[in-house]
Amino acid sequence: MSGKASALLLAPARWRRWEYALWAAIWAAPIVFTSHAALINEIAIFGLFALSLDLILGYTGIVSLGHAAFFGVGGYAAALFAKHVMPDPLVGLAVGTVLAAVLGALTSPMIVRGTDLTRLMVTMGVALVLLELANKFDSITGGADGLPGVMMGPLLGQFTFDLGARVASFYSLAVLFVAFLILRRVVNSPLGLSLKALRDNRLRVMAIGLSVNFRLALIYTLAAALAGAAGALSAQTTGSATLDLLEFHRSADVMLALVLGGTGWLWGGPIGAIAFSVLRDLLSSFTPQYWTFWIGLFLVVLMLVGRERLFRPWTWFKRSGS
Amino acid sequence: MSEVVLETFGLVKRFGGITATNNVSMKVTKGARHALIGPNGAGKTTLINQLTGVLPPSEGRVQLRGRDITSLTPYKRVGLGLVRTFQINQLFASLTPLQSLALAVSSRLDAARRWWQPMGSDSVIGAECEQLLAQFRLSEHADRVTRELPYGKRRLLEIALAVAQKPSVLLLDEPAAGVPAAERRDILDTVAALPDDVSVVLIEHDMDLVFSFAKRMTVLVNGTVLTEGTPQEIAADPQVRAVYLGETKVNHG
């Protein structure tokens with residue numbers, strides 16, 4: 001039976017019905033919840049940022065606690081570009097993306113070597129160094145005051161960014177959507193499969209004749225570029241770039257969100273971002289001071305019980321292994 | 001004597017004060033069925049690691065089909081046809097055997113860098129995977145996640161992944177190690193059915209397997225080649241007997 005293997009290999013690349021439905025729902029959100037456009041914009045950006053982390057953490061197994069470095073570089077680049085060169089949002093987005101990619105490519109040799117702990121520390125270190133640089137060179141970045149009042153031109157020369165963030169939310173969703181479509185192709189390609197293989201067993205990846213370092217560097221650069229795009233969107237749609245873009249909590253939050261949504265299936269980033277933001281919104285309206293307590297508790301339970309079990313209540317009282 | 005495919009010249013590997021392999025020179029001819037035997041700690045694995053490029057030798061050279069490959073990285077040697085299996089399975093636990101093989105075949109066909117075409121859209125790769133799955137008796141398990149396969153099947157996949165590279169030299173590191181008796185036959189059959197033009201180097205403790213398979217043998221003791229010859233010569237060699245019967249007084253060559 002020829003073609004059976006090809007069909008099986010192609011199966012993961014097929015779009016599922018619920019995926020279409022979910023995207024339709026996501027696109028409907030800014031139309032239905034007009035008053036929440038700013039939140040939707042924020043979630044879309046966060047989703048893109050988490051998606052980029054999934055590429056390295058979920059697909060390739062590179063742990064990073066400094067992903068905010070790329071978010072920040074993209075954000076500052078877009079803000080500075082709008083202030084000093086030209087206010088077109090798409091060109092600014094491209095500049096932020098490319099600069100973050102360059103930083104990713106330059107720092108990728110550091111994540112190729114060492115263990116997970118090394119990578120955790122190195123990525124965190126890079127982000128901290130950038131944070132302090134942004135703080136120190138205040139003539140360029142505005143230091144602790146940040147760069148306020150970044151004025152953006154109209155999107156595609158037509159849509160002016162409004163105070164209600166309606167245009168912003170569609171803009172960010174569109175970028176998230178395009179990134180998702182591209183990654184959906186990439187992760188199901190031979191290259192994408194080789195990344196999963198890398199996560200499982202580097203030694204064997206070498207033994208089937210593939211370069212491990214090339215792949216690590218490539219995917220780290222791609223993830224950096226997407227994180228940079230998210231940062232650029234953030235600076236553009238909020239009209240400012242501050243040190244907060246580079247803060248450690250940003251790297252930590254994005255990992256939390258991704259873990260909430262699940263790693264290594266692309267939807268983890270967007271779903272995690274939605275879950276994290278909605279949870280934070282709900283919890284902080286109900287207990288403004290202690291919402292992190294509940295998020296923390298939820299995470300502990302999630303990790304200890306396991307996602308599979310937690311979201312399948314009907315399996316709770318069955319013996320494991322049956 | 002037929003063409004030499006793989007040759008080492010005085011390979012030495014020192015770890016601090018310990019010499020793991022000492023001046024090992026050996027030749028593997030085209031289509032060879034060559035066994036590398038020796039007691040534990042004889043330096044077999046260190047030798048394999050130098051052949052495949054995992055460890056750089058302290059001294060000496062490795063040559064593949066007349067080309068010096070001593071300084072090549074492991075994955076580039078694989079591209080040249082020097083492929084190994086591992087004593088302890090090194091598999092992609094979360095992929096299926098089909099996906100793992102598809103990746104191995106893509107690598108050989110230089111298609112593993114394709115990033116836009118979905119895996120499976122190339123029917124050449126699919127067809128070759130089917131053939132490999134059948135050859136290694138994995139067809140029924142093609143779409144199961146590797147970590148859930150029975151041990152014997154994982155062992156077969158270990159060998160299939162190497163064979164998918166169409167190697168000119170295949171290094172088998174204890175292929176039957178740990179496989180339950182019931183599944184052993186599959187391994188032995190597939191190893192015996194390897195194409196004639198592939199040079200196979202077998203590292204094995206199981207003497208039944210070694211003597212049924214090998215046409216040439218090298219005996220490694222304390223990092224040094226003790227002797228080399230046909231299975232009959234080796235079996236009759238008093239030095240080898242002494243080593244395997246546990247006597248320690250052996251004249252090193």
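What share of the contacts in chain A with a separation of 6 or more comes from residues 24 or more positions apart? Such residues account for 77% of those contacts. Two residues are taken to be in contact if their C-beta atoms, placed from the backbone, lie within 7 Å.

The model is predicted: local features need pLDDT of at least 70, side-chain atom pairs count only at pLDDT 80 or more, and totals for chains, interfaces and linings use all residues. Residues are numbered from 1 along each chain as its sequence is written, while chains are lettered from A and ligands numbered from 1 in the order in which they are written.

Chain A contains 15 helices and zero strands. Helices (H or I, at least four residues) and strands (E, at least two) are DSSP runs, numbered from the N terminus. The C-alpha atoms of chain A fill a box of roughly 60 × 45 × 40 Å along the principal axes. The radius of gyration of chain A is 20 Å, which agrees with the value near 20 Å for a compact globule of 322 residues. This radius is taken over C-alpha atoms, and the globule rule is 2.2 Å times the number of residues to the power 0.38. Of the 322 residues in chain A, 46% are buried. A residue is buried if 20 or more other C-beta atoms lie within 10 Å of its own, exposed if 12 or fewer, and partly exposed in between, with C-beta atoms placed from the backbone.

One helix pair of chain A is described here. Helix 5 (residues 89-112) and helix 11 (residues 212-238) of chain A pack at an angle of about 145°, with their axes 6 Å apart. Axes are lines fitted to C-alpha atoms, for helices over the stretch in contact, and angles run from 0 to 180 degrees between N-to-C directions. The crossing of helix 5 of chain A with helix 11 of chain A is right-handed. A crossing is right-handed if the near helix is turned clockwise from the far one by less than a right angle, and left-handed if anticlockwise. The contact between these helices has 19 nonpolar, ten polar and no charged residues. Here Ala, Val, Leu, Ile, Met, Phe, Trp, Tyr, Cys and Pro count as nonpolar, Asp, Glu, Lys and Arg as charged, and the others, Gly among them, as polar.

Chain B holds an open sheet of six strands in the order 6-7-8-3-9-10, with mixed pairing. Two strands pair if DSSP finds at least two bridges between them. Strand 6 (82-84) and strand 10 (224-229) of chain B stand at the edges with a single partner strand each, so one side of each lacks a neighbour in the sheet. The twist averages 20° from one strand to the next. Strand 3 (residues 33-37) of chain B is largely enclosed by the rest of the structure, because five of its five residues are buried. Arg33(B), Ala35(B) and Ile37(B) point one way from this strand, and His34(B) and Leu36(B) the other way. Strand 3 of chain B pairs in the parallel sense with strand 8 (residues 199-203) of chain B over four bridges. With strand 9 (residues 216-221) of chain B, strand 3 of chain B also pairs in the parallel sense over four bridges. The bridge partners of Ala35(B) are Leu202(B) in strand 8 of chain B and Met217(B) in strand 9 of chain B.

An open sheet of four strands in chain B has the order 2-1-4-5, with antiparallel pairing. Strand 1 (residues 4-15) and strand 2 (residues 18-29) of chain B pair over eight bridges. They form a hairpin with two residues between them, and Gly16(B) in the turn has a positive phi of about 60°. Helix 1 (residues 44-52) of chain B lies across strand 1, strand 2 and strand 4 of chain B, at about 60° to strand 2 of chain B.

The contact between the chains takes 39 residues from chain B and 29 residues from chain A. Helix 3 of chain B gives the most to the side of chain B that touches chain A, with eight residues. That side divides into 21 nonpolar, twelve polar and six charged residues.
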